[in-house]
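This report describes selected strands and helices of one protein model. Please look at the structure first.

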Amino acid sequence: TEKKSTPETRMGALCSPRMGSGCKTVLVTGASGYLGMFVVDGLVKANSYKYGCSSTAEKRYNIIAATGSVNPKDAVPAGVQGVQIDGTSVKSIKEVLSKYKPTVIVNCMALSNPGACKDKPELAEAINSCASLVTAIKDIVPTALLIHLSTDQVYSGNIKAGDLHTNNYPTKPLNKYGTTKLQAEENIMDNLKHFIILRSSAIIGPKPPRESCKKSGTFLQMTMNELKREGKSPFFMEEKRSFVYVRDCVEVIKFFTDKYFYHFPSKYEAQSKKERVYCMGGKGSLSRDKFAEAVADTLGLSKDGIDATVRKECKFKWAHKYASPADISMDSSRLFALRGRDNLTVDEMIADMKARGELEVEATLLDD
């Protein structure tokens with residue numbers, strides 16, 4: 001029987017520890033956040049894989065999961081070393097780096113809500129600019145690989161119809177979140193030797209695996225809730241995104257964790273620093289209203305509640321709290337070519353979650 005292709009299985013033998021440099025100590029910061037939880041769980045699952053004719057699993061990673069304000073006991077799965085870290089404190093980060101000496105650091109730590117960044121600009125800059133993290137890495141583990149999660153919000157969205165943003169496309173963030181994330185990219189490129197920067201589009205996926213996550217869901221869950229309620233909800237026609245599946249994000253991170261140092265002399269050492277910035281979106285892009293239509297079509301929900309409009313004409317105050325870029329669709333083909341795999345389309349992401357039983361819809365809400 002042919003095995004179903006999923007983001008986890010599509011990596012195949014490429015993720016074997018034999019292709020890398022043995023068991024690595026991986027520090028995941030922001031481990032109590034949405035993506036961070038999935039990254040930690042993905043690494044845990046990879047440690048249980050068996051290769052070839054082996055009867056036992058080969059441990060690929062020693063996983064250190066670092067949380068911020070959340071108690072690690074509430075956010076970290078069994079068998080994983082949890083620690084608390086203050087992402088704004090060089091001293092706090094140095095203590096963790098000195099103790100565990102990570103080979104790879106996956107930085108999912110961020111104040112990622114643009115509205116919160118506008119309300120708390122100093123905190124946003126302290127966390128998102130990565131100044132403390134970069135200083136600590138440079139002083140304690142300068143040979144470690146930093147895999148840093150950036151954002152498509154570094155772009156202005158002022159692009160010709162049909163064009164796509166690449167790693168070389170000019171950056172011009174419109175809000176505090178994008179500005180501070182761009183500062184992080186600059187800090188990393190100016191001070192570190194080993195790094196990969198992933199400019200992620202809006203991440204969608206199932207609900208977080210543990211209740212301690214401050215983010216209860218993604219734009220997908222919000223869309224589903226709006227489609228189920230009575231009345232109309234605004235979905236902005238001008239805002240196009242290359243929505244990316246959280247499980248694809250995890251596989252991309254695992255790819256670089258396993259392959260970076262293995263290929264460093266022949267591939268990455270020859271790259272310019274700008275070439276180590278990758279756009280990480282799904283295959284294709286959709287405006288927010290078309291995304292809502294795709295969700296409705298796949299899950300059998302009514303489209304009657306979709307109010308296709310533009311943000312500037314929206315009557316709700318929340319829509320005008322911060323500047324939001326219009327079309328920030330990205331070209332992720334460099335990343336797809338490097339991995340030898342495309343990320344999923346929105347339709348494929350939703351279908352995958354539905355097949356896993358992660359998107360239950362009440363029968364009374366189905367279209368006739």
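Leu27 lies opposite Ile105 in S4. Helix H9 (residues 246-268) packs on the sheet and touches S1, strand S2 (61-67), S4, S5, strand S6 (195-200) and S11; contact means heavy atoms within 4.5 Å. The direction of H9 makes about 145° with that of S6. Axes are lines fitted to C-alpha atoms, for helices over the stretch in contact, and angles run from 0 to 180 degrees between N-to-C directions. Helices (H or I, at least four residues) and strands (E, at least two) are DSSP runs, numbered from the N terminus.

The sheet is open and holds seven strands in the order S3-S2-S1-S4-S5-S6-S11, with parallel pairing. Strand S3 (81-84) and strand S11 (277-280) are at the edges with a single partner strand each, so one side of each has no neighbour in the sheet. Two strands count as paired if DSSP finds at least two bridges between them.

## Basis of the model

The model is predicted: local features need pLDDT of at least 70, side-chain atom pairs count only at pLDDT 80 or more, and totals for chains, interfaces and linings use all residues. Residues are numbered from 1 along each chain as its sequence is written, and side-chain values use heavy atoms, with hydrogens and water left out.

## Strand S4 and its partners

Strand S1 (residues 24-29) runs parallel to S4, and four bridges join them. Thr29 has Asn107 as its bridge partner in S4. S4 also pairs with strand S5 (residues 145-151) in the parallel sense, over four bridges. There, Val104 has Leu145 as its bridge partner in S5.

From S4 (residues 104-107), Val104 and Val106 point one way, while Ile105 and Asn107 point the other way; all are buried. Buried means under 20% relative accessible area (1.4 Å probe, protein chains only).

## Strand S8

Strand S8 (residues 233-236) is covered on both faces, with Ser233 and Phe235 buried on one side and Pro234 and Phe236 on the other. S8 runs parallel to strand S13 (residues 306-309), joined by four bridges. The bridge partner of Phe235 in S13 is Ala308.

## Helices H5 and H7

The axes of helix H5 (residues 121-128) and helix H7 (residues 176-191) come within 8 Å and cross at roughly 30°. H5 is therefore roughly parallel to H7, a term for angles under 35 degrees.

Pro121, Ala124, Glu125 and Asn128 in H5 meet residues of H7 including Lys176, Tyr177 and Thr180.

Technical notes:
Buried means under 20% relative accessible area, exposed over 50%, partly exposed in between (1.4 Å probe, protein chains only). Angles under 35 degrees count as roughly parallel, over 145 as roughly antiparallel, 65 to 115 as roughly perpendicular and the rest as oblique.
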